[in-house]
Amino acid sequence: MAKAIRDYSLPELMERIEEIFNANPEPIKGFNGVVQYDVHGEETGTYQHFFKDGTLTIKEGVEAAPDVSMALSYDNFKKFVLGKQSGAVALLTGKVKAKGDIAKGMKIETILRRYNIKEPF
């Protein structure tokens, strides 16, 4: 049963994102890399998103050197997933801190727009 994003724990949200992306791999075809999210706030954790050959695998913790890592609050992460937070604005206002290949990080926003994730999901 679909539920609102506020009702997901961080691990549940990561699992749901992986399901959504892999159910429709078209937007991530051709995008390869490791994107790391260091999430803080009401929920905390480090998750790496492994994009390879049209598949997304999400793992908790650090298993590989990321192409880009982003530190942001759980609230801002949820807004980003729903397309309610611009990555560029978040960077400029300090809501997200990024290290590494910033262009790869910005590509995630483009990919999320193609998924057009809405609540409930």
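**View 1. Glu63 and its partners from elsewhere in the chain.** Once neighbours within four places in sequence are set aside, Glu63 touches Gln48 and Phe50. As a reminder before you zoom in, this is a predicted model. Glu63 sits in the loop that links β3 (55–60) to β4 (68–73). Is Glu63 buried or exposed? Glu63 is exposed, with a relative accessible area of 53%. For a sense of scale, look also for Lys104, which lies 41 residues from Glu63 along the chain. The C-alpha atoms of Glu63 and Lys104 are separated by 19 Å.

**View 2. Helix α1 beside helix α2.** Here you can follow α1 (residues 10–23) and α2 (residues 74–81), whose axes come within 12 Å and cross at roughly 20°. Angles under 35 degrees count as roughly parallel, so α1 is roughly parallel to α2. The crossing of these two helices is left-handed. Which residues make the contact? From α1 come Leu10, Leu13, Met14 and Ile17, and from α2 come Tyr74, Phe77, Lys78 and Val81. Sorted by type, the residues of this contact comprise seven nonpolar, no polar and one charged.

**View 3. Helix α2 in its surroundings.** Six of the eight residues of α2 are buried, so this helix is largely enclosed by the rest of the structure. The buried residues are Tyr74, Asn76, Phe77, Lys78, Phe80 and Val81. What do they pack against? Their partners are α1, β1, β4, α3 (87–92) and α4.

View 4. Now centre on Phe21: leaving aside neighbours within four places in sequence, Phe21 is in contact with Ile28, Phe51, Leu56, Ile111, Leu112, Tyr115 and Ile117. As general background, nonpolar side chains tend to be buried together in soluble globular proteins.

**View 5. Asp53, with a positive phi in a loop.** Most residues other than glycine have a negative phi. Asp53 has a positive value, with phi near 50°. You will find Asp53 in the loop between β2 and β3. At 63% relative accessibility, Asp53 counts as exposed.

View 6. Asn116, found in the segment after α4, has a positive phi near 50° and is a residue other than glycine. How accessible is Asn116, and what is its relative accessible area? Asn116 is partly exposed, at 45%. Pro120 also lies in the segment after α4. The peptide bond from Glu119 to Pro120 is cis, with omega near -15°. For context, most peptide bonds are trans.

Key
Residues numbered from 1 in each chain as written. Predicted model: local features only at pLDDT ≥ 70, side-chain atom pairs only at ≥ 80, totals over all residues. Heavy atoms only, no water. Axes fitted to C-alpha atoms, helices over the stretch in contact; angles between N-to-C directions. Helix = DSSP H or I, 4+ residues; strand = E, 2+ residues; numbered from the N terminus. Parallel < 35°, antiparallel > 145°, perpendicular 65-115°, else oblique. Left-handed = near helix turned anticlockwise from the far one by under 90°. Contact = heavy atoms within 4.5 Å. Nonpolar A, V, L, I, M, F, W, Y, C, P; charged D, E, K, R; others polar. Buried < 20%, exposed > 50% of the residue type's maximum accessible area, 1.4 Å probe, protein only.
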